[in-house]
Amino acid sequence: AWAHRGHHTLSVVEITADGTVTVIHTLSAHDSEPELVELAPDAQPSVDDPDALKALEAHLRDAFTINGQRFDFFAYEAWGDDLQFTFKGKLHGVPKTVTVAYGLFPNSRKTGVGLVNVRLNGVTKSLTFAKGDAPKMVEF
């Protein structure tokens, strides 16, 4: 039971004083690859397949929004079983409330949990998402 404690994704949202946003999603390859069967049906379900990796990148971009806004892909890193996708963009000003829509892997048969940490002005607030959750809001 300790070998695999669950299917989790960590997303960190950093919003700077000028409204610049950096979103970093960290997930495991072994949890993500089964999802590639639906995300990239014509590719091999492996993060080693460039087409599958592009489909995963597009899914993360489209399925995760801040205040209704999607962000542009910026970087990808992998080490061991860990995958990290970074997205960047800019909000119109610095928000007092941040609404996170977390639609990652909606067709998954696994019961994953998404932890989202939102940082603004040195304050971090955390949200937890399960499959099918509606968008959630934090106030700063």
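# Exercises on a predicted model

Thr-22 has a relative accessible area of 18%, so this residue is buried. The model under study is a predicted one.

**Exercise 1.** Describe the place of Thr-22 in the structure and its contacts.

*Solution.* Step 1: Thr-22 belongs to strand β2. Step 2: buried means under 20% relative accessible area, and the value for Thr-22 is 18%, so Thr-22 is buried. Step 3: with neighbours within four places in sequence set aside, Thr-22 is in contact with Val-12, Val-13, Glu-14, Thr-86, Phe-87 and Lys-88.

**Exercise 2.** Decide whether Thr-65 and Val-123 are buried, partly exposed or exposed.

*Solution.* Step 1: Thr-65 is located in strand β3 (residues 64-66), and Val-123 in strand β8 (residues 123-130). Step 2: the limits are under 20% for buried and over 50% for exposed, with partly exposed in between. Step 3: the relative accessible area of Thr-65 is 12%, so Thr-65 is buried. Step 4: the value for Val-123 is 37%, so Val-123 is partly exposed. Step 5: leaving aside neighbours within four places in sequence, the contacts of Thr-65 are Arg-70, Thr-99, Val-100 and Ala-101. Not counting residues up to four places away in sequence, Val-123 touches Val-118 and Phe-140. Step 6: the C-alpha atoms of Val-123 and Ser-32 are separated by 30 Å, and these residues are 91 residues apart along the chain.

**Exercise 3.** Characterise the largest pocket by its space and its lining.

*Solution.* Step 1: the largest pocket holds about 310 Å³ of space. Step 2: its lining consists of 22 residues, and Tyr-102, Leu-104, Phe-105, Ser-108 and Gly-112 lie nearest the centre of the pocket. Step 3: two or more lining residues come from each of β1 (8-15), β2 (20-28), α1 (29-32) and β7 (113-120). Step 4: by type, the lining has seven nonpolar, ten polar and five charged residues.

Note on methods: Residues numbered from 1 in each chain as written. Predicted model: local features only at pLDDT ≥ 70, side-chain atom pairs only at ≥ 80, totals over all residues. Heavy atoms only, no water. 1 Å grid on protein atoms, 1.4 Å probe; cavity = no way out; pocket = protein on both sides within 12 Å on 5 of 7 lines; lining within 4 Å. Points joined across faces, edges and corners; volume = space filled by probe spheres on them. Helix = DSSP H or I, 4+ residues; strand = E, 2+ residues; numbered from the N terminus. Nonpolar A, V, L, I, M, F, W, Y, C, P; charged D, E, K, R; others polar. Buried < 20%, exposed > 50% of the residue type's maximum accessible area, 1.4 Å probe, protein only. Contact = heavy atoms within 4.5 Å.
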